[in-house]
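Open the model in your viewer and keep the selection panel at hand. The stops below say what to select and what to look for.

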Amino acid sequence: MRRLLLIGIGAGDPAHITVEAIAALNEADVLFVVEKPEERRELVRLREEICTRYIEDESAYRSVHVADPERDRGAEAYRSAVEDWRRRRADAWEAALAAELGPDDTGAFLIWGDPSLYDSTLAVVDDVLARGSIVFEHRVVPGISSVQVLAARFRIPLNRVGGAVQITPGRLLLDGWPAGVDDVVVMLDARSAFRSVAGEGLDIYWGAYLGTPDELLLSGPLDDALMDEIERVRSEARERQGWIMDTYLLRRRRPVRR
């Protein structure tokens, strides 16, 4: 039967690849490379370095490039836009698997960070399987996420004793500080959502390009000076690199007693 491996390859540092991920890479007959329109050469180079460093026999596999569909980021209906994008992604992946993965082959997708955290791969694979036109077994190989790298760089735990941690996209933080938590990890924030919770007695631990040679780190009280500095650094980095990936932890200085 066809097999598919969904391999988390970490946030960017090839040294973050797990032993399980290395073994999985060496099982693959076909590597499916999803080519995103916005993906930068640095990310392509890092992915190539991972394959070169860890796959023992480069002649034992072949690469199949799958064009990722454009996503309408300007649509007002966010959820329906994402659902449409995932459907078109499933169309492309279904066609690639049917055409390129033989009946007894093992295929693999290399996934930045961890497949279970703010990544659509699992949902898309479930969609392809539900259609029933192609049958395969699949296995998920966890990876080191940017959230884990962020905590490691600042030498802090994500949670505090007896407390909860919430992970949220930036657009939800714009609605206000979530109830019942003192520590919030924010991902996918393109609009400086941290400004919406200024004055809450928070510290921020911010990182960009985590795990790559271009890594940037800033931390301190969430005040006007630091918010301005983060926006300046982020803007300059985006202009210099042409893209940016960042995440941050917001932490209440004095946890609310419950």
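A salt bridge here is a side-chain nitrogen of Lys or Arg within 4 Å of a carboxyl oxygen of Asp or Glu. This is a predicted model, in which local features need pLDDT of at least 70 and side-chain atom pairs count only at pLDDT 80 or more, while totals for chains, interfaces and linings use all residues. Residues are numbered from 1 along each chain as its sequence is written, and side-chain values use heavy atoms, with hydrogens and water left out.

**Stop 1: within helix α7**

Select Glu236 and Arg232. Their side chains meet in a salt bridge, 3.0 Å from N to O. Both residues lie in helix α7, 4 residues apart, about one turn of the helix. Helices (H or I, at least four residues) and strands (E, at least two) are DSSP runs, numbered from the N terminus. Glu236 is partly exposed at 39% relative accessibility, and Arg232 is partly exposed at 38%. Buried means under 20% relative accessible area, exposed means over 50%, and partly exposed is in between (1.4 Å probe, protein chains only).

**Stop 2: from helix α7 to strand β10**

Next select Asp246 and Arg234, which form a salt bridge with the closest N and O atoms 3.0 Å apart. Asp246 is in strand β10 (residues 246–252) and Arg234 in helix α7, so the pair ties together parts 12 residues apart in sequence. Are Asp246 and Arg234 buried or exposed? Asp246 is buried, with a relative accessible area of 15%; Arg234 is buried too, at 4%.

**Stop 3: from a loop to helix α7**

Select Arg195 and Asp228. The closest N and O atoms of this salt bridge are 2.5 Å apart. Arg195 lies in the loop between β7 (183–187) and β8 (202–208), and Asp228 in helix α7 (residues 224–241), so this pair joins parts that are 33 residues apart in sequence. Arg195 is partly exposed at 32% relative accessibility, as is Asp228 at 43%.

**Stop 4: a salt-bridge network**

Select Asp84, Arg87, Arg88, Asp91, Glu94, Asp127 and Arg131, which are linked in a network of salt bridges. The structure holds 24 salt bridges.

**Stop 5: a nonpolar patch**

Finally, select Tyr118, Val165, Ile167 and Leu188, which make a nonpolar surface patch of about 330 Å². Patches are made of residues with over 30% relative accessible area and no salt bridge; like charges are joined within 9 Å, and nonpolar side chains (Val, Leu, Ile, Met, Phe, Trp, Tyr) within 5 Å. Accessible areas come from the Shrake-Rupley method with a 1.4 Å probe, and for residues only the protein chains shown count as cover. Ile167 lies in strand β6 (residues 165–169) and is partly exposed, with a relative accessible area of 32%.
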